[in-house]
Amino acid sequence: LLSSLSPLTYLSGLPLRCTIDNRVTRVAWLNRSTILYAGNDKWCLDPRVVLLSNTQTQYSIEIQNVDVYDEGPYTCSVQTDNHPKTSRVHLIVQVSPKIVEISSDISINEGNNISLTCIATGRPEPTVTWRHISPKAVGFVSEDEYLEIQGITREQSGDYECSASNDVAAPVVRRVKVTVNYPPYISEAKGTGVPVGQKGTLQCEASAVPSAEFQWYKDDKRLIEGKKGVKVENRPFLSKLIFFNVSEHDYGNYTCVASNKLGHTNASIMLFELNEPTSSTLLQGPGAVSEVSNSTSRRAGCVWLLPLLVLHLLLKF
């Protein structure tokens, strides 16, 4: 009897066992028509095939470091006093999935087409899927080795995950980063009011890939960093124009320009004068209203005391 074999992934040694009894006089292991072992004698040249046991109850060999080329029929042949007997098993070698080729990270301008490739091997042949790693993405974007995107948008940038699976082992996963370049657009630019002598800040926010470079203008004249009393602070998506001591001369319309290699855009931002509260304004405040209320209360009190004073005078006389 030949020990049963199930289709498995054999990564090291594969034992082939043949159960015998004392009636057996000769034994041999064959792969198709090739003799691997006959008794204790090795007939094949493959160093991976070794004899495990040759006893009155078991005749076993082992194939070490099994690969797909070892797949096929194996036969245990025994000779008894009566007649020869054979038992056969078919070895199916399963191989874990492996991604052997995948596209490199890519940078592309918005509106162009891209094609991503993910080639995987394994036995049985693995299933390949593509998925967009993004909070806005839903499910798979492709169930194929190839992912085609026509007219790519900035929302389609990010990581794309290729997964290869065949149920032999855990899926193999690789990622490709897709960077979508687009020209700047200014998302926020608000004017502000500042009193004379106070600190004022104009802000300009712009989204772009690559990151935008910022420039500030007033009346078509570019403001240079380092001007006395004025400072420009630039970050990848934000620029600030800071006035440390606003003067009358500083008020007016300013232009923020955001640009990268794909284009540029601009926005007008107003720095206007904001008057500080005056003394007359303060007199009209809550305090003044409170004083009027108190005086009215006092007058009301005097009117209430008048009848008592008259009654007192009458009783006296």
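**Figure 1. Arg 48 forms a salt bridge with Asp 46, with the closest N and O atoms 2.9 Å apart.** A salt bridge here is a side-chain nitrogen of Lys or Arg within 4 Å of a carboxyl oxygen of Asp or Glu. The model is predicted: local features need pLDDT of at least 70, side-chain atom pairs count only at pLDDT 80 or more, and totals for chains, interfaces and linings use all residues. Residues are numbered from 1 along each chain as its sequence is written, and side-chain values use heavy atoms, with hydrogens and water left out. Arg 48 also forms a salt bridge with Asp 70, where the closest N and O atoms are 2.8 Å apart. Arg 48 lies in the loop between strand 4 (41-42) and strand 5 (49-54), and Asp 70 in the loop between strand 6 and strand 7, so this pair ties together parts that are 22 residues apart in sequence. Through shared partners, salt bridges join Asp 46, Arg 48 and Asp 70 into one network. Strands are DSSP runs of E, at least two residues long, and are numbered from the N terminus.

Figure 2. Buried means under 20% relative accessible area, exposed over 50%, and partly exposed in between (1.4 Å probe, protein chains only). Arg 48 has a relative accessibility of 18%.

**Figure 3. Arg 23 and Asp 21 form a salt bridge.** Their closest N and O atoms are 2.9 Å apart. Asp 21 is partly exposed, at 30% relative accessible area. The structure holds 9 salt bridges.

**Figure 4. Cys 18 and Cys 76 form a disulfide.** A disulfide is a pair of cysteine sulfur atoms within 2.5 Å. In this pair the sulfur atoms are 2.1 Å apart. The torsion about the S-S bond is about -90°, so the disulfide is left-handed. The link joins distant parts of the chain: Cys 18 is in strand 1 (residues 14-19) and Cys 76 in strand 7 (residues 72-80), 58 residues apart. Both Cys 18 and Cys 76 are buried. A search of the whole structure finds 3 disulfides. With the bonded cysteines of the chain numbered in sequence order, the pairing reads 1-2, 3-4, 5-6.

**Figure 5. Cys 118 and Cys 162 form a disulfide, with sulfur atoms 1.9 Å apart.** The S-S torsion of Cys 118 and Cys 162 is about -80°, so this disulfide is left-handed. Cys 118 sits in strand 11 (residues 114-123) and Cys 162 in strand 15 (residues 158-165), so the pair ties together parts that are 44 residues apart in sequence. Cys 118 and Cys 162 are both buried.

**Figure 6. Strand 12 (residues 127-133) pairs with strand 15 in the antiparallel sense.** Two strands pair if DSSP finds at least two bridges between them. Strand 12 and strand 15 share 7 bridges. Which residue of strand 15 is the bridge partner of Trp 130? The partner is Cys 162. Strand 12 also runs antiparallel to strand 13 (residues 140-142), joined by 2 bridges. There, Arg 131 has Phe 140 of strand 13 as its bridge partner.

**Figure 7. Cys 204 and Cys 256 form a disulfide, with sulfur atoms 2.1 Å apart.** With -80° about the S-S bond, the link of Cys 204 and Cys 256 is left-handed. It joins distant parts of the chain: Cys 204 lies in strand 18 (residues 200-209) and Cys 256 in strand 23 (residues 252-260), 52 residues apart. Cys 204 is buried, at 0% relative accessible area. Cys 256 is buried as well, with a value of 0%.

**Figure 8. Trp 29 and Tyr 74 touch the most other members of the largest nonpolar core, which has 21 residues.** Strand 1, strand 2 (24-31), strand 3 (34-38), strand 6 (58-63), strand 7 and strand 8 (84-91) each supply at least two residues of this core. A second, separate core has 20 residues, among them Cys 204, Trp 216, Val 232 and Phe 243. A nonpolar core is a set of buried Ala, Val, Leu, Ile, Met, Phe, Trp, Tyr and Cys residues joined through side-chain atoms within 4.5 Å. In soluble globular proteins, nonpolar side chains tend to be buried together.

Conventions. Helices (H or I, at least four residues) and strands (E, at least two) are DSSP runs, numbered from the N terminus.
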